[in-house]
Amino acid sequence: MDDQGLAGLQHNFLTGSLESVVQWARRNSMWPATFGLACCAIEMMATGASHFDLSRFGMEVFRASPRQADLMIVAGRVSQKMAPVLRQVYDQMMEPKWVISMGVCASSGGMFNNYAIVQGVDQVVPVDVYAPGCPPNPQTLLHSILTLHELVRSGELVTRRQGTGAGAEVRVDEQAGGDQRVTVVRPPVHVGTPR
């Protein structure tokens, strides 16, 4: 410790700030809402099954009620008729809440470039993390969840929302098999009116 007193101690539960404890609790107790819309929902269910085991991240229960959930994983294409329902479920979720756009159909409309499909779920709800793929495999969804956990832990997510009024809009690379080398690409922060 030398002459630094408490500042010389390593960061632990005694010397941690209340904010870091709250961020740790939020990160380790996210409960996703059940919102599967298309084929990506099968991969989301596989992620929650025993082989990939979301329970090690404190996410073992997919909540049927939006009032008990704080993470929405939009898995699949969103039709124009489903968009108001999606927004209603999002509005009923308790703050703080986060959104992962799972798959190319949810992120950009995918191959369905027509009037019936919303061309990006970010037109309906603020998206924090985009998971690429058609459909994304469970490793990609797990990486997206871990990326969201890191944003919540660092407090960066709250800062970006206050600055932009939108989600963090972080894009992750697709995971292939056992390859864990991933680059996180962040878009520039736009200050002004939210989308």
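**Entry 1: the bridge between E2 and E3**

I looked up the bridge partner of Met72 in E3 and found Val99. The model is a predicted one, and I read it as such. E3 covers residues 98–102 and pairs with E2 in the parallel sense. I count five bridges between E2 and E3. Then I followed the chain from E2 to E3. The path goes by helix H3, residues 83–92, and the three elements make a right-handed β-α-β unit.

**Entry 2: the other partner of E2**

Next I took strand E1, residues 32–33. E1 also runs parallel to E2, over two bridges. Which residue of E2 is the bridge partner of Pro32? I found Leu71. E1, helix H2 (residues 40–48) and E2 make a β-α-β unit that is left-handed.

**Entry 3: cover on E2**

Is strand E2 largely enclosed or open? E2 spans residues 71–75, and five of the five are buried, so the rest of the structure largely encloses this strand. I then sorted the side chains by direction. Leu71, Ile73 and Ala75 point one way. Met72 and Val74 point the other way. Both sets are buried.

**Entry 4: cysteines**

I searched for disulfides and got zero. Cys105 is in no disulfide either; its nearest cysteine sulfur belongs to Cys134, at 5.4 Å. Cys39 is partly exposed, at a relative accessible area of 45%. Cys105 is buried, at 10%.

**Entry 5: the whole chain**

The secondary structure comes to six helices and six strands. I read the order from the N terminus as α-β-α-β-α-β-α-β-α-α-β-β. The chain has 195 residues, and 43% of them count as buried. For contacts between residues at least 6 apart in sequence, I noted that 74% join residues at least 24 apart. The accessible surface is about 10,700 Å². Carbon and sulfur atoms hold 56% of that surface.

Methods. Residues are numbered from 1 along each chain as its sequence is written. This is a predicted model: local features need pLDDT of at least 70, side-chain atom pairs count only at pLDDT 80 or more; totals for chains, interfaces and linings use all residues. Side-chain values use heavy atoms; hydrogens and water are left out. A disulfide is a pair of cysteine sulfur atoms within 2.5 Å. Buried means under 20% relative accessible area, exposed over 50%, partly exposed in between (1.4 Å probe, protein chains only). Helices (H or I, at least four residues) and strands (E, at least two) are DSSP runs, numbered from the N terminus. Two strands pair if DSSP finds at least two bridges between them. A crossover is right-handed if, with the strands pointing away from the viewer, the path from the first strand over the helix to the second runs clockwise. Contact means heavy atoms within 4.5 Å. Accessible areas come from the Shrake-Rupley method with a 1.4 Å probe; for residues, only the protein chains shown count as cover.
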